[in-house]
Amino acid sequence: MADLLVRLYDLPVFEAEAKVAAAGIVIRRGLPPEAHVVLDWIGRHFSDTWRSEASLALTQQPPSLYVAVRGNVLLGFACFDTSAKGFFGPTGVDEAERGQGIGEALLITTLRGMREAGYGYAVIGDPGPVAFYQKRLDALEIPKSKPGIYAGMLRTPEG
C-alpha cells in the first residue's frame, strides 16, 4: 500500500482517549531509562525492525515514543521520526489488549506530539491497517509512494 498523508492541524477528537483513561490506562512518553524494557517487549511482540526504530525514538530529546501502560504493564507503543522525519510509526498494541481503544489513543497522542513538534502533516509509511487510518483521520494516499523510503532496506532471511 502507498504511504498515507495526515493533516495535523485539524485532528479529530477520539472517544478512545477517555475510554482508556477510565480503564486505568495511561498514555505517556517513554522514558530513556526504561528503554530496555520497552525494546525487549517490542522485539517479543512485533519485530526486530520495529525494535530498531523504537530505539531511535527513545534517544530523541524529548523521546518520540509513547507508551500505553496499566500499572507497570506495557500494553502498546507508538513512535514518530524513526524511519524519516515527519513519519508516524511504528505502532502496536499487545494482541490480548486490542479492541479497547488503546491503538486509537496512542495514535492521536502521537500525532498531537508531532503537531507540537512543529509538523503540519504526518506521513504514515507503509501502513498496515489502511482503513483504520482513512476512517479515523481522513488520511490521503500519496501517489507513487510504494515502496518509498523502504526500498532496498536490508532484512533478515525470515523477513
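Mentor: Begin with T109, which touches E17, I27 and Y66 when residues up to four places away in sequence are not counted; contact means heavy atoms within 4.5 Å. The model is predicted: local features need pLDDT of at least 70 and side-chain atom pairs count only at pLDDT 80 or more, while totals for chains, interfaces and linings use all residues. Residues are numbered from 1 along each chain as its sequence is written, and side-chain values use heavy atoms, with hydrogens and water left out.

Trainee: Why is T109 called buried?

Mentor: Its relative accessibility is 17%, and buried means under 20% relative accessible area, exposed over 50% and partly exposed in between (1.4 Å probe, protein chains only). T109 therefore counts as buried. T109 lies in helix 4; helices are DSSP runs of H or I with at least four residues, strands are runs of E with at least two, and both are numbered from the N terminus.

Trainee: How do you know that M114 is buried?

Mentor: M114 also sits in helix 4, and its relative accessible area is 0%. That value is under the limit, so M114 is buried. Its contacts, leaving aside neighbours within four places in sequence, are L8, F80, G86, F87, F88, Y119 and A122.

Trainee: What makes helix 4 oblique to helix 5?

Mentor: Helix 4 (residues 102-116) packs on helix 5 (residues 130-137) at about 60°, the axes being 12 Å apart. Angles under 35 degrees count as roughly parallel, over 145 as roughly antiparallel, 65 to 115 as roughly perpendicular and the rest as oblique. The angle falls in the remainder, so helix 4 is oblique to helix 5. The axes are lines fitted to C-alpha atoms over the stretch in contact, with angles from 0 to 180 degrees between N-to-C directions.

Trainee: Which residues make the contact, and how do they divide into nonpolar, polar and charged?

Mentor: Helix 4 contributes G103, E104, L107 and L111, and helix 5 contributes F132, Y133, R136 and L137. They divide into five nonpolar, one polar and two charged. Here Ala, Val, Leu, Ile, Met, Phe, Trp, Tyr, Cys and Pro count as nonpolar, Asp, Glu, Lys and Arg as charged, and the others, Gly among them, as polar.

Trainee: Why are the buried residues of helix 5 said to line one face?

Mentor: The buried residues in helix 5 are V130, Y133 and L137. Down the helix axis they fall within an arc of 80°, so they line one face; the arc is that of the directions from the axis to the C-beta atoms. They pack against strand 1 (4-7), strand 5 (87-93), helix 4 and strand 6 (121-124). A131 and K135, on the other side of helix 5, are exposed.

Trainee: Which peptide bonds are cis?

Mentor: Among them are Q61 to P62, with omega about 0°, and K146 to P147, with omega near 10°. Most peptide bonds are trans, and most residues other than glycine have a negative phi.
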